[in-house]
Structure formats: C-alpha cells, structure tokens
Amino acid sequence: MSDTTLRPRIALLPLDDRPVNVRLPGDVAAVAGVILDVPPAEILPSYRVAGDATALGAWLLDRVADPATVHVVVSVDMLLYGGLIASRTSADTTREVLERLDVLREVRRRRPELPISAVSLVTRASNSYSAAEEPEYWREHGKEIHALGGDAHRLLDEADVLPLSELTPVPAEIVSDYSARRLRNHIVNLSTLALVEDATLDFLAITADDTAPFAAGSAEQVWLRHWMRMLPSGRDVLMYPGADEVGAALVARALAANAGVTASFSVACADAEGMTRIPPYENMSLAASASRQIRAAGAVEVADGGDVTLVLHAPDPERHDMFRGRPDRVDADAVAGTVALITERLDAGEHVALADVRYPNGADEALVRALAEAGLLGRLEAFGGWNTAGNTLGSVVAVAAAGVVGRATGTFDDRAARIALLTRLLDDFAYQAVVRTDSGPALFPDVYPMADDARVATAERVIREELTALLESTLPAEDVRIQELTLPWRRSFEIGLVLS
C-alpha cells in the first residue's frame, strides 16, 4: 500500500473554485501531513457559472464511502446553490435549495461517527455599482440597495412599517427580487441551526461576507442570534465576519479533531487601541474577530504562553484600502512597533504568526520590507495580509494551528509549511501590495473579466516575471520557484500560485 493510501483524508466542499478556497485549505492540510480531497474542476463553479449541485452532493457521498475520510468540511453555499456567486444570483426556490440539505442528513445516516463541519454565509450587499459578482441590476442600483439594507436595519425596532418609497428610490420589482433572494438565504441559515440542534452537524460557522455595522446582513445576524440563544446547541455556533478563509479554518479544525490536539494562541498587538477598531467591511472589533477565528480553527485563546503567538498589525485608523494603491502616508511608528514586537517574541523562543490587517486587499509594504531587512520573514510560522481582516486572520490561524497539530503527531511537513508561508508572502505582499499597484493599471482594463486571451497571457507573464524578481531579491526563498501562475477569474483581484 502506498503512503497516500494510509494517510487520513479530509473531504472539502469549498465555497468556490478560487485558489483561496481550494489550494489554501490544501496547504493547511499538507502542513499536518493530511490529504485534502476536493471535487473535480468540471463540477465546481467557474466564475458566474454555477457548480453542479447534484453532482457535488453525489461527490460528497462518494467521499464518505471511503473509510480513509476522517472529516467532512462543507460550504453550504456550494452544496445548495453551486457556489458563492450563485448564492447571490441563482433563481433556485427556497424549497429546491432546502431539499439539498438532505445530503448532509444522508452523510450522517451512512457514517454516524464521521464529523461534519459546515459554514453558511450571510449574503453580502456590495456597496458599489459593480455587477461582476452580483445580479445585473447592481450596475444601476447597487449602492442604493446597500443603503436600503442599512436604513432598514436602523428601523429594526420600529413598530410601524414605512412605505418603500420613503426608504429607497430603487424600483419595487428590483427590491422584491433582491429581498426574496435574501429571504431564501436567511431561511437556509436558520435551517442550518436546526441541523446543529438535531446533531446532523458537529460544528457550524455562520460568517458574514463583506458587511458593515448597519446592513441587511447585520440585521439578519440579530435574528440568527435570537435562535442561537433559544436553541440549546446555539451557544456552540460561531458567527463572525469572514468568507473565503473559512474553508481553511475548518480544515484546521478537522486536523485538530482527528489528532485529538488543541492548539493554543496568545494574541499580541503593538497598538492596544487597534484591537478595539472595527476593520473595513466588518461589523465587530478586531479583538472579537480574532477570538472567533481561533475558536473556528478548533483552537483556544490564552493570555500568554500559547503554542503560537498571533501578532496583529492593527487596522489603519484612516481606513485606506490597498486596492486603491499605496497609502499617502506610511505610519513609521506602527511599522516599528510591530517589528519590535515580533523580534521580541521570536527572540523569546515563541512561534510567531503574523496577521497583517493594516489595510484591506494587500499587505503593509513598509512592514514586510522592514521584516525582510531584519531577517524575520523566514522565521514566521504563518503570514497573511489579503482582502478583509477576517480573511487574513482565518488563514493565518489555520496554517499556524496545522503546524501545532503536525508537530504534536509527528507528521509536520516543514516543506509544506514553507510553501504556505511563501505563497501568502508572494500573493499578499509581492503581488497585491507591489506588482498590482505598480503594473496593474497597464495590465488590466476597467471592466472584468478580461475577454482577450492574449491580454490575459501577457498579464500572467508580466506578473510572474515581477514576482520572480521579488522572490529572489526580498523573500527568504533561495530554492523556491514559481511553477504556475494564473488569473483564475481573469481579473486583477486574485492570482493562483503553485510553488516548487
């Protein structure tokens, strides 16, 4: 029998087909020496084309039949709608999607002992006029629909129902279509709570995809919290900001459960006030979000002496977004404080993982360059600095927790851990903070996805060349090369990297 035949396997039904939802969880599993199974590409979604929900359910049941499968991790949005974008755009009825939950009941029936961890998303309402990932009417009404959710949330405790015309200028038929889809998805989230209560699910995370303190999704979380209080099992459900990182976090949770190992994290931040800030696109403080991300990964937070020290580079008070380019001003004191904290903890012999949540959509370039100059990057357990604070926190915690499990069980893969670290440094720092900022305007049109194959190929070639130069000059990667680089959704927002 081969080594892979003997190794335990985790089956993952991911949120969508992008690398952060497929390859990142695979990197997490590899750190602890475990195999991750994901569905074949032909049944997964491809950008706005939904995945095959029937085939995905059948694939999951097929994986359950393999006795080597030790845990099932399921994105409810993938199982019911065929992926993240489909959950916002599909015309499937409430009855149709609820019937697909029977796949999870069948998993429980066939393998009563097999743990099932699941994540279901509170649907976002993008504050933009981009319909790239939304219904087509977002091009004309997107910001107004977003505002409607916030206004309705503020009126949550009002006894009277105001006429729609007093809340929004959006045509009633569009509000009806949008609201009916949200209602369907909210009923799904309520139904997942029932699956926890009847023990179909062992663990459930309900996460909020791109939200705000006042928003349609934040209002729905009020109602979900009511049932989390009412149902005896509700206290075990975690609800927090996040989306694309949750698959990785739940894979880390599966690793811990299978090994009987609980990683512990001590959280440290050079800016105490930064822990109280609510990061952009989220609706709770950084401290609260970090605590929930640690719990989601099957780990515990301790005051000090944890297996891993999670260092947080606190959110920018001016709320700059790296998707707009470099900030006008570098906060040298914030950079120096985080570098000093990391140096102190590493020199004390601690395992340090860095969550750079200074800016959304890219790392703090000044921080990473300062860490490189000090020779500290290669000493980190994990690094992240992409998209939202929740995305960064969950991915960093997942990789670091997998390292704790691997060391405890003797299956730690040092090469896989190094690949995971360098992949995020190349993506979050080298690409998002440097190459996209410097070369993005020339490589990418304003409209995406790009339809021109030649332009896509040119962009991939230029990005690969520039990342290779940064890999050789800045990052601790003397023997690592970029084996593959792609633009998964033919846009600038994310890249797919395979290192060797």
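In what order do the strands of the open sheet of five strands stand? The order is β8-β7-β9-β10-β11, with parallel pairing. The views below show a predicted model, in which local features need pLDDT of at least 70, side-chain atom pairs count only at pLDDT 80 or more, and totals for chains, interfaces and linings use all residues. Residues are numbered from 1 along each chain as its sequence is written, and side-chain values use heavy atoms, with hydrogens and water left out.

**View 1. The open sheet of five strands, with parallel pairing.** Strands (E, at least two residues) and helices (H or I, at least four) are DSSP runs, numbered from the N terminus. Two strands pair if DSSP finds at least two bridges between them. β8 (300–302) and β11 (382–384) stand at the edges with a single partner strand each, so one side of each lacks a neighbour in the sheet. Neighbouring strands of this sheet are turned by 25° against each other on average, direction ignored. Strand β10 (residues 352–356) pairs with β11 in the parallel sense over three bridges, and A353 has A382 of β11 as its bridge partner.

**View 2. Strand β3 and its partners β1 and β4.** Strand β1 (residues 9–13) pairs with β3 in the parallel sense over five bridges, and I10 has H71 of β3 as its bridge partner. β3 also pairs in the parallel sense with strand β4 (residues 116–122), over four bridges; here the bridge partner of V72 is I116.

**View 3. The packing of helix α13 against helix α16.** The axes of α13 (residues 286–296) and α16 (residues 389–409) come within 9 Å and cross at roughly 35°. Axes are lines fitted to C-alpha atoms, for helices over the stretch in contact, and angles run from 0 to 180 degrees between N-to-C directions. Contact (heavy atoms within 4.5 Å) is made by L286, S289, A290, Q293 and I294 of α13 and by G390, L393, G394 and V397 of α16.

**View 4. The largest nonpolar core, of 64 residues.** A nonpolar core is a set of buried Ala, Val, Leu, Ile, Met, Phe, Trp, Tyr and Cys residues joined through side-chain atoms within 4.5 Å. I10, V28, L255, F265, L310, L312 and L393 touch the most other members. The largest share of this core, 11 residues, comes from α16. A second, separate core of 49 residues includes V311, L354, F383 and L425.

**View 5. V261 in the loop between α12 (246–259) and β7 (264–269).** V261 is buried, with a relative accessible area of 16%. Not counting residues up to four places away in sequence, V261 touches A256, V404, V405, A408 and T409. V261 and A401 are 140 residues apart in sequence and 9.6 Å apart in space, C-alpha to C-alpha.

**View 6. Two loop residues, A199 and R319.** Most residues other than glycine have a negative phi. A199, in the loop between α10 (172–197) and β5 (203–208), has a positive phi near 70°. R319, in the loop between β9 (308–313) and α14 (332–347), has a positive phi of about 60°.

Key
Buried < 20%, exposed > 50% of the residue type's maximum accessible area, 1.4 Å probe, protein only.
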